[in-house]
Amino acid sequence: MHTRIKVVLGIGATLVLAGFSLFIFLYYLVTKSFPRTDGSLKVAGLTAEVNVYRDEYGVPHIFAQSEHDLYFAVGFIHAQDRLWQMELARRAGTGTLAEVLGERAVKFDRLFRTIGIAKLARAIAASLDEKTREPLQAYADGVSSFIRLNKGSYPIEFDLLNIEPAPWTIEHSLIVSRLMGWELNYSRWVDITLGELVEKFGEAKAAEIFPTWPEGAPIIIPEGLKGKRVASLAKDFLRIEQEYRKFMGSPGLQTGSNAWVVSGSKSVTGKPILANDPHLMFTVPGRWYELHAVAPNIEVAGASIAGVPFVIIGRNQHIAWGVTNAMLDDEDFYVEQVDSVQHPTHYRFNNTWRPIEQHVDTILVKNGTPILLTVYRTHRGPIINRIEPSAQFSRNLLSMRWTGHELSNEAQSFYELNKARNWNEFQNALRHFAVPAQNFVYADVEGNIGYRTAGIIPIRKTKSPTLPFPGWTSDHDWKGFVPFDEMPHSFNPPEGFIATANNKIVADSYPYYVSNLWEPHWRITRITELLKNQPKCSVEDFQRFQLDVFSTHAREIVPLILKSYEGQEVKNADVQTALNYFRNWNFEMRKENVATTLFEVFFVKMIHNTFEDEMGADLLAAYDTLASLPLSVMNKLMVKGSSSWFDNIKTPQVETMNDLIHQSLEDAINELKKTHGGELKEWQWGTLHQVEFPHIFGGEKMLKPVFNLGPFPTGGSHATLNKGDYPLGGSFAHYVGPSTRQIFDLADSDNGRAVTPTGQSGQVFQKHYDDQLQLWLAGGYRHWLMNRAKIESSNYDHLILKPTQ
């Protein structure tokens, strides 16, 4: 053989061998952390054997002989499937992301150290009663035991960052809980954005675009702040938070959730049926981890959060419950007068000077120099406009009071809720719940249904919207909290059903200010219609309701569009075609639908054409961040039919609503032609409206196809029960929607239904990483089993956790 050929063959063989070796190495790197799901494992910390059966979707059924061992096993199993997710949440809440992610995460660490979530978690941990501490400690020990047992075999994210997870503590579970409370708080965006609107346009004009504020009701800028631009002090604060959300995979704020329940009188089974689908930003892994946990005196099944030992949405053998965001205004801002702009040491309060609490913190930065951060606090809370170095010379300081800074015991709430047997025990469990305020929907096997708002509602001096307040007086300090027994609740209403969809929960006559931000009425209207029109409901009916894409919003607005063209000759052929689509539309927003595309793009154009000329791009972008604001306001203005906002101040003529309708429809058609081409009949909603489940590593171009899932075409919109939120300021990407769908049949604990995208596992390429995604996209459900004999006789993976001694 020729020498040159030998060399070529030798090089080829070497390359093949190297490639094969690389494949084997990468395969090992990815799969080494996949969880053991059958056989047995000896685990230090258990007192007796724990049996874990995983169904075909990896959902664990955990049977323990004591509560300690149960919560220990829950921690161990959470860590098996979601250790990276738990580590990421822990680092976000403690402000230690920059240690592993470098300079780009420094601003996020500044944000969360200023908010003080870790400090608060330490204070709450110190105040816990022993009954609550025990399950939290057992859970932490279970997580830490897994970390020790699997040293060197952690998920690939740890390898890519060259780090190891820290042992888990009680404080870490409290951080995960309070971090979610922060993420589900929206009132700060409302206070600051609406404050900017008032400062720019005055009270009268701004009032017209305030959400759900009664016609003619006053909006009062406190004395001492009139004529001053103070809302902008929080701009950097909100910008960093928005960047954090984008970093985690969300282009905006997530809003919404549906929950409803029918009594036995409206159920085909004669017992209540309860449904819940919380709407959160899509990520991989998802927010929820489903499990079934059994020990003496406790059996509970449903959706948990990795990092917390309790079921958040679920049922036991006596009751079931679901949750939606109560949308309470649980945060206020105060402009502080200080003794020094550059180095403040005291702030003025009621004609005296109080010392500012100062704490110097050190942020460690991967491959960078440590950064010192000084956090300032008043008696209300942290100063939030000193986060960025560029703000050090701000002439005013802005402090923040948040209900999340109060000592509370949500862990006790869910521990007791998981074991509650009736309405009274359910209510008593919720007395400990503070943040984030939630609407809890209830059902029990005795046939009762109920509703409770849980969370702390500040008592304020005024019922007006809470714009930034003067901090040098106590006039606007909170006067306590609304007593639990005076908070909204209902028990066995005569209608035979209860529904909540982030809608307004109290009448204007309610003696306390609750909020001025609610989701538009579209979803609650649709739920109510469906429940009223169905004499007897089944589990299958509830599945159909959760998948419903009928838009009451479109039903309300399309007639106004058509009316605007009455008596006019429409010369534009594309506009004529669009109007015909609207005339023949049944208002269902399916992914194959063309009318949906035309309507949604039109409505976004209508918002921008109405507001951008006066607000400007930056203020409108802030206004658009929380989509329910411009959506509900635009709907209100169009139903009203006239407003000075419809006039474009940049043109000499005065535009009317009809003028803007015509312009917006033409703009929508022109944009779709530019971006999608082809004919109108090709503009199916699913070509624009697509869902992607991002992983935090998916922001890197090379890693995106490895970790991210999607995009996939979807139906729905902001207005539909099957929610399809998209950002108003950019693409129509579906980024918020049903994060889990749960249905509980109180007549049969083995007749529950659920689906949770994308799957149980947080480990890429593991079979349960995405095995519920196609089921979710197709509108399918899994069946819940709670009967132990049926579970043991099923062909489920069976893992026995054994004590070492």
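Hi everyone, let me start with a strand: in β15, Leu 397, Ser 399 and Arg 401 point one way, Leu 398, Met 400 and Trp 402 point the other way, and all are buried. Buried here means under 20% relative accessible area, exposed means over 50%, and partly exposed is in between, with a 1.4 Å probe and protein chains only. In a regular strand, side chains alternate between the two faces of the sheet.

Before I go on, a word on the source. This is a predicted model, where local features need pLDDT of at least 70, side-chain atom pairs count only at pLDDT 80 or more, and totals for chains, interfaces and linings use all residues. Residues are numbered from 1 along each chain as its sequence is written, and side-chain values use heavy atoms, leaving out hydrogens and water. Helices (H or I, at least four residues) and strands (E, at least two) are DSSP runs, numbered from the N terminus.

Back to β15. Since 6 of its 6 residues are buried, β15 is largely enclosed by the rest of the structure. It belongs to an open sheet of 3 strands with mixed pairing, ordered β15-β10-β18. The edge strands, each pairing on one side only, are β15 (397-402) and β18 (469-470). Two strands pair if DSSP finds at least two bridges between them; β10 (residues 331-336) and β15 have 6, in the antiparallel sense. Glu 336 stands opposite Leu 397 in β15.

There is also an open sheet of 11 strands, again with mixed pairing, in the order β1-β27-β2-β3-β6-β7-β8-β9-β16-β17-β19. Its edge strands are β1 (39-43) and β19 (489-491). Inside it, β2 (residues 50-54) and β27 (residues 797-803) pair in the antiparallel sense over 5 bridges, and Val 50 stands opposite Leu 801 in β27.

Now to helices. How far apart are the end C-alpha atoms of α8 (residues 170-183)? They are 20 Å apart, which agrees with the 20 Å that its 14 residues should span at 1.5 Å a residue; the expected span is 1.5 Å times one less than the number of residues. Because 12 of the 14 residues of α8 are buried, this helix is largely enclosed by the rest of the structure. Ser 173 is in α8, and at 3% relative accessibility Ser 173 counts as buried. Leaving aside residues up to four places away in sequence, Ser 173 touches Leu 136, Tyr 139, Trp 168, Gly 307, Val 308 and Pro 309, where contact means heavy atoms within 4.5 Å.

Next, a helix pair. The axes of α9 (residues 187-207) and α17 (residues 594-625) come within 9 Å and cross at roughly 145°. Axes are lines fitted to C-alpha atoms, for helices over the stretch in contact, and angles run from 0 to 180 degrees between N-to-C directions. Among the residues making this contact are Trp 189 and Phe 201 of α9, and Met 615 and Tyr 623 of α17.

Most residues other than glycine have a negative phi, and most peptide bonds are trans. The bond from Val 284 to Pro 285 is cis, with omega near 0°, and Pro 285 lies in the loop between β5 (273-281) and β6 (288-295). Another cis bond joins Gly 710 and Pro 711, with omega about 10°; Pro 711 lies in strand β22 (residues 709-713).

Two phenylalanines have positive phi: Phe 587 at about 70° and Phe 765 near 75°. Which is buried and which exposed? Phe 587 is buried, with a relative accessible area of 16%, whereas Phe 765 counts as exposed at 58%. Thanks, everyone!
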